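Please keep the sequence and the three-dimensional view at hand while reading the points below.

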Amino acid sequence: MANQGAKKRKEENTRHMAKLLQLIIACNVIYVLVRMVLFHSSFTWKHWMGLGLTSLAYWIPYKQLADMAKPTYSDGGELLDGGFDMSTGGICGYLHDVIYITCFVQVTSIISNKFWFVYLVIPGFAAYKGFGLIRGFLPLGSEGVEEDEKTRKKREKLEKKASRAKFVRTRNK
């Protein structure tokens, strides 16, 4: 019964990575069949570049997720850790988002080339998160704000109350 959680996590990660690979293959097959076979007359070098870009945008996050999902074994071959939990947020969630956005862009770019602009969401979101991180290190400009009379009195009252000594009653027998 030992390491039951690690075995379960390993199986979950294996299933999850297989589903991601199936999704990637399905999107690529749809793109190749529809764009290259059905609409072959309008297929140009730009579409080859797009196929290369989406393949790279699939490969990099998938490789990172596969490394995160890889289980850890001891020298004796015993399972120590089942790998990273793929259902958590953070970097794992962002990598999944890149794969899903790439699927969307690849399949919808069959309809119109304007769907390639959806890829701008990824650097836009990265800039948003980066700005929030940088803003956390900057000093806030609240020192120069004037407070009104009512707020000042309330703050002084709370400070006075907090500075008073507190007495605790005890029972004497």
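This is a predicted model: local features need pLDDT of at least 70, side-chain atom pairs count only at pLDDT 80 or more; totals for chains, interfaces and linings use all residues.

The lining of the largest pocket consists of eight nonpolar residues, no polar residues and two charged residues.

**The largest pocket**

- The volume of the largest pocket is about 220 Å³.
- Its lining is formed by Ile91, Tyr94, Asp97, Val98, Ile101, Val121, Ile122, Phe125, Ala126 and Lys129.
- Two helices, H3 (91-108) and H4 (121-137), each contribute at least two residues to this lining.

**Helix H5**

- Helix H5 covers residues 149-163, and its 15 residues should span 21 Å at 1.5 Å a residue. The end C-alpha atoms of H5 are 21 Å apart, which agrees with that expectation.
- H5 is hardly covered, since the count of buried residues among its 15 residues is zero.

**Salt bridges**

- Five salt bridges are found in a search of the whole structure.
- Glutamate 156 counts as partly exposed at 36% relative accessibility, and arginine 152 counts as partly exposed at 27%.
- A salt bridge also joins the side chains of glutamate 159 and arginine 155, at 3.1 Å from N to O. These two residues are likewise four residues apart in helix H5, about one helical turn.
- Glutamate 159 is partly exposed, with a relative accessible area of 45%, and arginine 155 counts as partly exposed at 34% relative accessibility.
- Through salt bridges that share partners, Lys63, Asp67 and Lys70 are joined into one network.
- Aspartate 67 is partly exposed, with a relative accessible area of 41%, and lysine 63 is partly exposed, with a relative accessible area of 39%.

**Aromatic pairs**

- The count of aromatic pairs comes to five.
- One of them is the edge-to-face pair of tyrosine 94 and phenylalanine 125, with 5.6 Å centre to centre and 65° between the planes. This pair links distant parts of the chain, with tyrosine 94 in helix H3 and phenylalanine 125 in helix H4, 31 residues apart.
- Tyrosine 94 is partly exposed, with a relative accessible area of 33%, and phenylalanine 125 counts as partly exposed at 37% relative accessibility.
- Tryptophan 116 and tyrosine 119 form a tilted pair, with 6.0 Å centre to centre and 35° between the planes.
- Tryptophan 116 is partly exposed, with a relative accessible area of 22%, whereas tyrosine 119 is buried, with a relative accessible area of 13%. The cut-off for buried is under 20%.
- Tyr94, Phe125 and Tyr128 form one aromatic cluster. Tyr94 and Phe125 also belong to the lining of the largest pocket.

Methods
Residues are numbered from 1 along each chain as its sequence is written. Side-chain values use heavy atoms; hydrogens and water are left out. On a 1 Å grid over the protein atoms alone, a cavity is a set of points where a 1.4 Å probe fits but cannot get out, and a pocket is an open set with protein on both sides within 12 Å along at least five of seven lines; lining residues have an atom within 4 Å of a point. Grid points are joined across faces, edges and corners, and a volume is the space filled by probe spheres set on the points. Ala, Val, Leu, Ile, Met, Phe, Trp, Tyr, Cys and Pro count as nonpolar, Asp, Glu, Lys and Arg as charged, and the others, Gly among them, as polar. The expected span of a helix is 1.5 Å times one less than its number of residues. Buried means under 20% relative accessible area, exposed over 50%, partly exposed in between (1.4 Å probe, protein chains only). A salt bridge is a side-chain nitrogen of Lys or Arg within 4 Å of a carboxyl oxygen of Asp or Glu. Rings of Phe, Tyr and Trp (its six-membered ring) pair if their centres lie within 6.5 Å; planes under 30 degrees apart count as stacked, over 60 as edge-to-face and the rest as tilted.
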